[in-house]
Amino acid sequence: MKNTHYDDASGFSSKSVSTAQDQLILARELMKDPVFASIVSTKTIQLPIAGSVDKVNQLLGTEG
């Protein structure tokens, strides 16, 4: 990830920069962690008051 620099933990700093290729490297490494992978693959979550909520970004769709 030679083209990536994170300036802060939030990711909102304009000094944080990266490339799509570097972010894919990071994503592939993160998915090796079973806890992280299970969180990412969760399809619904239970929230206080709201109850069961589907974890879907309508802009991305639902097919993978």
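Me: What share of the contacts in the protein with a separation of 6 or more comes from residues 24 or more positions apart?
Reply: In this predicted model, residues 24 or more positions apart account for 5% of the contacts with a separation of 6 or more.

Me: Which elements does the protein have, and in what order do they run from the N terminus on?
Reply: There are two helices and two strands. Their order from the N terminus is α-α-β-β. Helix α1 covers 20–30 and helix α2 covers 34–40, while strand β1 covers 44–47 and strand β2 covers 51–54.

Me: How should I read the radius of gyration of the protein?
Reply: Set the value beside that of a compact globule. With 64 residues, such a globule would have a radius of gyration near 11 Å, whereas the protein has 15 Å. The box filled by the C-alpha atoms, taken along the principal axes, is roughly 40 × 25 × 25 Å.

Me: What percentage of the residues count as buried, and what is the accessible surface of the protein?
Reply: Of the 64 residues, 8% count as buried. The accessible surface comes to about 5700 Å², and carbon and sulfur atoms hold 60% of that area.

Me: Is Ser13 buried or exposed?
Reply: The class follows from relative accessibility, with buried meaning under 20%. Ser13 has 18% and therefore counts as buried. Its place is in the segment before α1. Leaving aside residues up to four places away in sequence, Ser13 touches Asp7 and Asp8. A polar atom of the Ser13 side chain also lies 3.0 Å from the backbone nitrogen of Lys15.

Me: Which polar contacts does the side chain of Ser10 make?
Reply: Ser10 is likewise found in the segment before α1. The side chain of Ser10 makes a polar contact with the side chain of Asp8 at 2.7 Å, and reaches the backbone nitrogen of Phe12 at 3.1 Å. Ser10 counts as partly exposed because its relative accessibility is 45%.

Me: How many salt bridges does the structure hold, and between which residues?
Reply: The general idea comes before the case. Side chains of opposite charge can pair when their charged atoms come close. The structure holds one salt bridge. Glu29 forms it with Lys32, and the closest N and O atoms are 2.9 Å apart. As for accessibility, Glu29 counts as partly exposed at 46%, and Lys32 counts as exposed at 59%.

Me: Which residues make the nonpolar surface patch?
Reply: Leu30, Met31, Phe36 and Val40 make a nonpolar surface patch of about 310 Å². To place these residues, start with Met31, which is found in the loop between α1 and α2. The relative accessibility of Met31 is 41%, so Met31 counts as partly exposed.

Me: Where does Gly51 lie, and which residues does Gly51 touch?
Reply: Gly51 lies in strand β2. Not counting residues up to four places away in sequence, Gly51 touches Ile45 and Gln46. Strand β1 covers 44–47, so both of these partners fall within the numbering of that DSSP run. Gly51 is partly exposed because its relative accessible area is 22%.

Note on methods:
Residues are numbered from 1 along each chain as its sequence is written. This is a predicted model: local features need pLDDT of at least 70, side-chain atom pairs count only at pLDDT 80 or more; totals for chains, interfaces and linings use all residues. Side-chain values use heavy atoms; hydrogens and water are left out. Patches are made of residues with over 30% relative accessible area and no salt bridge: like charges are joined within 9 Å, nonpolar side chains (Val, Leu, Ile, Met, Phe, Trp, Tyr) within 5 Å. Accessible areas come from the Shrake-Rupley method with a 1.4 Å probe; for residues, only the protein chains shown count as cover. A salt bridge is a side-chain nitrogen of Lys or Arg within 4 Å of a carboxyl oxygen of Asp or Glu. Helices (H or I, at least four residues) and strands (E, at least two) are DSSP runs, numbered from the N terminus. Buried means under 20% relative accessible area, exposed over 50%, partly exposed in between (1.4 Å probe, protein chains only). The radius of gyration is taken over C-alpha atoms; the globule rule is 2.2 Å times the number of residues to the power 0.38. Contact means heavy atoms within 4.5 Å. A polar contact is a pair of N or O atoms within 3.5 Å; within protein, one must be able to donate a hydrogen and the other to accept it, and residues adjacent in sequence count only if both atoms are side-chain atoms.
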